[in-house]
Amino acid sequence: MKVIKIKSTNLQIVLVLTFVVLVSIFFFLLDSRKNYNQQQHLQLISKRYQLAYNTIYDQYAQFAQNIQSGMVERFNISDVFSKLLTADEEQKKQLRKELFSKIKPRFDKLQQEGKLRQFHFHQQTNESFLRLHRPDTFGDNLTGIRKTVEYVNREHRAISGFEGGTTYHSYRFVFPITAADQTHLGSMEISFGPEILTSALMKQYVVLSNFYINKQTLIGGQSNLYKRSHHKGYLYDQNVLAALKKVSHKEIKELKPQQETTDAILVNARSGMAMSVYDQTIDMVFTTIPIFHPVTHEMVAFLTVRSKSVFFKHEQQGLRIIYSLSLLVLIMFLTITFVQASKRKILEYTNLKQLQLAANVLENIAEGVVVTDIDSRIIAVNKSVCEITGYSEKEILGQKPRMWKSQHHDDAFYQAMWKSLTGTLHWYGEIWNRRKNGDVYPSQMTITGLKNEHGQLTNYVSVFSDITVAKESHEKLQYLAQYDQLTDLPNRRLLNDRLKQALSRAVRNNQPLGLLLLDLDGFKAVNDSLGHKSGDILLIQVAERLLYCVRETDTVSRLGGDEFVVLLPDCKTVDNVTTITNKILKELATPFDIQGDEIFVSASIGITMFPDDGDNADTLLKNADTAMYHVKGNGKNDFQFFTASMQEHIVKRLQLTSLLRYALDREEFLLYYQPKMDLATGRISGMEALVRWQHPDDGMVNPADFIPLAEETGIIIPLGEWVLYQACQQTKQWQQEGLNSLRVSVNLSARQFQDENLVEMVKNAIQETGIDAGMLELEITETTIMQDIERTIETLWQLRNLGILLSIDDFGTGYSSLNYLKRFPLDILKIDRTFVMDITTDANDRAVVEAIISLSRHLKMKVVAEGVETEEQLNFLIKQGCHEVQGYYLARPLPVDEFKDFIQKHRVVRA
């Protein structure tokens with residue numbers, strides 16, 4: 001076989017001839033006005049733009065995430081926005097200042113580097129919360145809602161794109177701000193100019209000011225799409241772009257600017273388009289490039305780019321071919337001579353650009369990056385490593401990572417780490433390191449081994465971040481979840497956990513366990529009279545005294561409000577529990593100093609024992625609560641062990657509550673009346689209406705049993721309204737029958753007095769029954785009127801303006817301040833029966849009664865003594881100048897018919 005050899009010279013001639021043919025074909029096509037296929041040119045530019053755009057997006061997305069999680073400024077943005085949800089205007093100002101001080105240094109640094117234009121924070125209501133930009137300002141209000149912000153706050157996901165404006169153009173990234181539980185709180189907005197994108201590309205590609213924004217992705221201005229701006233006389237018409245045809249410079253000048261883009265342009269733009277525009281002096285190629293969102297892959301914008309064309313236009317085709325052939329021959333010889341050198345230079349240039357871009361990214365991320373050789377010697381670090389560790393780059397290079405060893409981990413930890421690295425070339429986990437100043441901090445770290453093209457291990461790369469703030473936040477949340485914020489005592493959740501553990505030990509060791517449920521007596525009065533701040537101080541001091549009374553192995557917990565639980569594990573006998581309980585009662589008996597006020601409180605304590613009173617946490621707590629309420633019902637300030645009879649009492653009480661709810665509808669209530677006598681005339685001057693419950697099966701129910709239940713359940717509101725209407729109606733009937741002097745008094749409970757519809761209800765009762773308002777008296781207890789003084793005064797005056805009389809019941813048993821008493825529009829004081837009972841035998845009671853009568857005289861109020869049972873008591877009250885009396889000496893409460901008979905048969909006791 002003959003081998004044909006082609007010399008190098010012949011090869012060059014063949015190449016030249018080939019190029020001549022190709023160029024001739026090319027100019028033939030050019031001269032026939034066919035569109036030049038610039039697909040490769042378009043793809044190259046588009047790829048570079050998209051790469052630059054994605055790189056910048058990733059960089060700023062990581063930057064925003066680090067700011068939000070507190071990794072950049074050791075400051076958690078989410079915490080600030082969580083506080084905004086409940087902050088008032090003054091607190092918002094403080095939060096803005098705090099956020100400004102933390103973010104401003106980072107913003108200034110990025111501005112100086114020419115990377116950042118604006119940095120905004122928006123609340124979830126789209127309202128601008130903090131704004132940084134040039135010139136140096138912050139917090140100024142926006143003129144309208146940005147559609148980008150509105151989109152992020154609605155969809156809860158990041159968005160980006162190009163925004164053109166009348167002053168300048170910028171790339172805008174908007175990221176959502178979320179809480180730890182992924183609740184949306186607001187948005188963070190970062191923008192920078194197109195120069196940062198341009199700098200990442202080849203110098204010959206220049207971004208023009210003609211940008212076409214995809215309005216369907218909500219990227220753009222606050223109101224509508226931005227109008228196109230002029231650039232050296234070039235304007236772009238949609239028909240020109242769609243047809244991809246070449247037009248002359250003169251034709252371009254005659255085109256009119258379009259006001260907005262259309263869907264037809266957007267469809268063409270998705271696949272890219274190009275057109276050449278030239279005349280005798282201008283020879284340029286303009287290319288339209290779509291930009292896609294790195295995450296959603298939606299087209300967010302497309303740009304118009306210009307670059308110099310390699311084509312020339314001549315008047316005659318022959319001359320054009322001759323010039324082209326000559327030029328191409330020269331180019332061919334130069335190309336063949338320097339082709340290898342050019343390839344090497346291009347490769348070196350491309351690699352350099354890629355390295356510069358990678359170095360720029362690594363240098364500006366918040367995480368520390370450490371590169372070591374295979375002997376673990378550090379050969380490169382970024383500036384975040386120096387910021388986190390406190391060491392300079394010079395101090396770090398050449399050392400081994402063990403320089404940061406904290407002694408927090410044992411040898412087994414590091415052995416497991418290297419086992420993973422040698423096996424999979426990867427390790428991820430949490431590690432504690434030491435800074436230069438000696439501080440130990442936690443970090444999240446990833447270590448990866450790198451191999452070269454031959455599969456040989458060459459380096460290790462470690463990426464880590466300081467998670468001190470995140471870890472502290474987690475620990476704080478754990479503490480808040482288990483401890484009471486006011487007293488620092490274990491809360492209900494931690495108590496249940498400890499109680500379950502204590503029960504397990506008690507079962508194993510066959511030992512009893514004690515549980516005390518403690519409720520403060522009179523705590524509400526402290527809150528109402530001194531304020532909630534004083535109440536909080538009291539709770540803190542009570543917690544301290546409880547801790548003083550128990551052992552280190554015991555648990556004191558606050559369930560909420562003024563309820564505490566004391567867990568006593570390993571109790572050998574019931575006597576031990578009794579001893580601790582008595583110690584608690586004695587300790588609480590000592591007065592508390594609350595901001596200069598001496599406060600006395602006591603406690604009602606219910607006690608349950610394992611295993612006698614229950615074998616699980618819920619049962620023990622429920623039975624302790626039952627025992628505690630038993631103490632409350634028997635006078636308070638004591639303790640009581642749970643018994644089975646208490647449970648029966650509770651069941652009976654629940655049954656009674658159930659029956660009470662239907663008693664009003666079944667008309668089981670009726671009124672009794674107890675007469676009052678005027679001591680000046682000896683005549684019956686009025687009566688007090690008292691409700692009674694006649695159950696069809698159980699007979700008459702004791703008022704002491706059902707009145708407190710009605711108060712607790714709220715049934716007292718409709719029941720009290722029924723009593724008022726019935727009493728007014730009955731009194732009106734008696735007046736029509738000739739008993740004109742009778743005045744009826746009706747009791748108002750604390751729940752009724754606090755009802756916002758009280759005044760309207762009383763007004764309606766007077767109008768509908770037709771009773772003379774002056775013949776109606778409302779009795780309010782002393783403790784009731786001392787709650788919320790200002791509201792009490794307002795309500796009393798509203799009632800007084802109806803024309804009725806107002807009476808303070810059980811006077812002397814509460815804690816009335818004379819300063820407040822003189823401000824109340826009251827007509828009558830009723831002396832409590834406890835003082836009247838022993839006025840003939842007890843000097844103290846006589847003194848109290850005399851003082852009350854004297855006080856009422858100075859306040860120009862009538863005095864009624866209740867509970868009068870003997871003639872001696874009556875004579876003493878007459879002598880002291882008391883105005884009216886009621887009690888068993890005169891008559892017991894009587895039903896309607898008996899009361900009427902009593903009045904008709906009554907003779908004057910005293911002429």
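A residue is called buried when its relative accessible area is under 20%, exposed when it is over 50%, and partly exposed in between (1.4 Å probe, protein chains only). Accessible areas come from the Shrake-Rupley method with a 1.4 Å probe, and for residues only the protein chains shown count as cover. The model is predicted, so local features need pLDDT of at least 70 and side-chain atom pairs count only at pLDDT 80 or more, while totals for chains, interfaces and linings use all residues. Residues are numbered from 1 along each chain as its sequence is written, and side-chain values use heavy atoms, with hydrogens and water left out.

**Figure 1. The salt bridge between K632 and D521.** A salt bridge is a side-chain nitrogen of Lys or Arg within 4 Å of a carboxyl oxygen of Asp or Glu. The structure holds 18 salt bridges. In this view, the side chains of K632 and D521 meet at 2.8 Å, N to O. Because K632 belongs to helix 19 (residues 617–633) and D521 to strand 15 (residues 513–521), the pair ties together parts that are 111 residues apart in sequence. Helices (H or I, at least four residues) and strands (E, at least two) are DSSP runs, numbered from the N terminus. D521 is buried, with a relative accessible area of 7%.

**Figure 2. The salt bridge between D827 and R800.** The N to O distance of this pair is 3.3 Å. D827 lies in the loop between helix 27 (818–821) and strand 28 (828–831), and R800 in helix 26 (residues 789–800), so the pair ties together parts that are 27 residues apart in sequence. D827 counts as buried at 17% relative accessibility, whereas R800 is partly exposed at 29%.

**Figure 3. The salt bridge between E866 and K830.** The two side chains meet at 3.6 Å, N to O. Since E866 lies in strand 29 (residues 862–866) and K830 in strand 28, the pair ties together parts that are 36 residues apart in sequence. E866 is buried, with a relative accessible area of 4%, and K830 is buried, with a value of 0%. A network of salt bridges links K676, E688, R743, E777, E779, K830, E866 and E884.

**Figure 4. A negative surface patch.** The patch is formed by D88, E89, E90 and E127. Patches are made of residues with over 30% relative accessible area and no salt bridge; like charges are joined within 9 Å, and nonpolar side chains (Val, Leu, Ile, Met, Phe, Trp, Tyr) within 5 Å. E90 is found in helix 4 (residues 89–112) and is exposed, with a relative accessible area of 58%.

Notes. Lys and Arg count as positive and Asp and Glu as negative; His and the chain ends are not counted. The place of a charge is taken as NZ of Lys, CZ of Arg, CG of Asp or CD of Glu.
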